[in-house]
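Here are my notes for you, written as numbered points. Keep the structure open while you read and look up each residue as it comes along.

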Amino acid sequence: AKVKADEIRIRYDSLQRIDVAHREEIERLKTGFFAYSSLANEIALKMSTRTNMPDLSQIEQLRKLRNVYSRNAISYRNAAEKEFQETIMKAIARSEQAQYLGAWIGSIMLLLIAALTLLVNRGIMVLENELENRNKMLVAANDELVQDILKLKEAEEARIHSEAVSQIMDD
């Protein structure tokens with residue numbers, strides 16, 4: 001019984017370190033348990049030795065301590081369960097809010113990406129048109145240069161021909 005009581009004391013000590021918010025209530029449970037446990041051990045020892053048997057008041061006191069401890073333990077358990085359920089409900093509500101917020105942010109990002117894509121595509125189209133116009137202009141300028149070169153060749157040939165005719169006439 002002493003070993004079990006020590007195990008329970010260690011558990012209550014651990015529980016007090018973990019559940020700081022309910023430290024006083026845990027201390028009350030721990031004190032109640034040890035008051036009950038001490039009296040129960042004392043009565044058990046008296047009964048096992050069959051000497052100096054416990055009187056009715058001690059038995060009644062043991063029953064009262066047990067009832068108080070049981071009520072406190074049940075109360076703590078119920079409060080912990082209620083707190084746990086509330087925490088779960090809050091977590092579910094936050095999760096749902098996060099889902100809606102995530103969907104909303106995703107939709108906005110999708111619209112933003114679509115707008116940026118549209119702007120980039122328009123920019124590319126404008127650049128392609130500019131490039132096409134520039135290429136047309138270069139082709140037109142090239143064609144004009146070719147025409148000018150051909151005219152210069154014709155003029156050169158005409159000059160050579162006229163010099164040759166002039167030379168023939170001079171001779």
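**Notes on the helices and their contacts**

1. Let's start with Ile105, which lies in helix 3. Helices here are DSSP runs of H or I with at least four residues, numbered from the N terminus. Ile105 is partly exposed, at a relative accessible area of 42%. For that wording, buried means under 20% relative accessible area, exposed means over 50%, and partly exposed is in between, using a 1.4 Å probe and protein chains only.

2. A quick word on what you're looking at. This is a predicted model, so local features need pLDDT of at least 70 and side-chain atom pairs count only at pLDDT 80 or more, while totals for chains, interfaces and linings use all residues. Residues are numbered from 1 along each chain as its sequence is written, and side-chain values use heavy atoms, with hydrogens and water left out.

3. How far apart are the end C-alpha atoms of helix 3? They are 165 Å apart, which agrees with the 171 Å that its 115 residues should span at 1.5 Å a residue. The expected span is 1.5 Å times one less than the number of residues. The buried residues of helix 3 are Gln58, Leu62, Leu65, Tyr69 and Tyr76, and their cover includes helix 1 and helix 2. Contact here means heavy atoms within 4.5 Å.

4. Now try helix 1, residues 2-18: its 17 residues reach 24 Å from first C-alpha to last, close to the expected 24 Å. Ala5, Tyr12 and Gln16 are buried in helix 1. Looking down the axis, the buried residues of helix 1 fall within an arc of 40°, so they line one face of the helix. That arc is taken from the directions from the helix axis to the C-beta atoms. Over on the other side, Val3, Lys4, Arg11, Arg17 and Ile18 are exposed. Helix 2 (23-49) and helix 3 (56-170) are included in what covers the buried residues of helix 1.

5. Helix 2 has 27 residues and reaches 38 Å between its first and last C-alpha, close to the 39 Å expected. Its buried residues include Ile26, Leu29, Phe33, Leu39 and Ile43, and also Glu25 and Lys46. Helix 1 and helix 3 are among what covers the buried residues of helix 2. Just after helix 2, have a look at Arg50, which takes a positive phi of about 55°.

6. How many salt bridges does a search of the whole structure find? There are 8, where a salt bridge is a side-chain nitrogen of Lys or Arg within 4 Å of a carboxyl oxygen of Asp or Glu. One of them joins Lys4 and Glu7, with the closest N and O atoms 3.6 Å apart. Both residues lie in helix 1, 3 residues apart, about one turn of the helix. Lys4 is exposed at 54%, whereas Glu7 is partly exposed at 32%.

7. Asp13 and Lys30 also meet in a salt bridge, 2.5 Å from N to O. Asp13 lies in helix 1 and Lys30 in helix 2, so the pair ties together parts that are 17 residues apart in sequence. Lys30 counts as buried, at 15% relative accessibility.

8. Finally, find Glu156 and Arg159 in helix 3, 3 residues apart and separated by about one helical turn. Their side chains meet in a salt bridge of 2.4 Å, N to O. Glu156 is partly exposed at 35%, and Arg159 is partly exposed at 37%.

How values were computed. Helix = DSSP H or I, 4+ residues; strand = E, 2+ residues; numbered from the N terminus.
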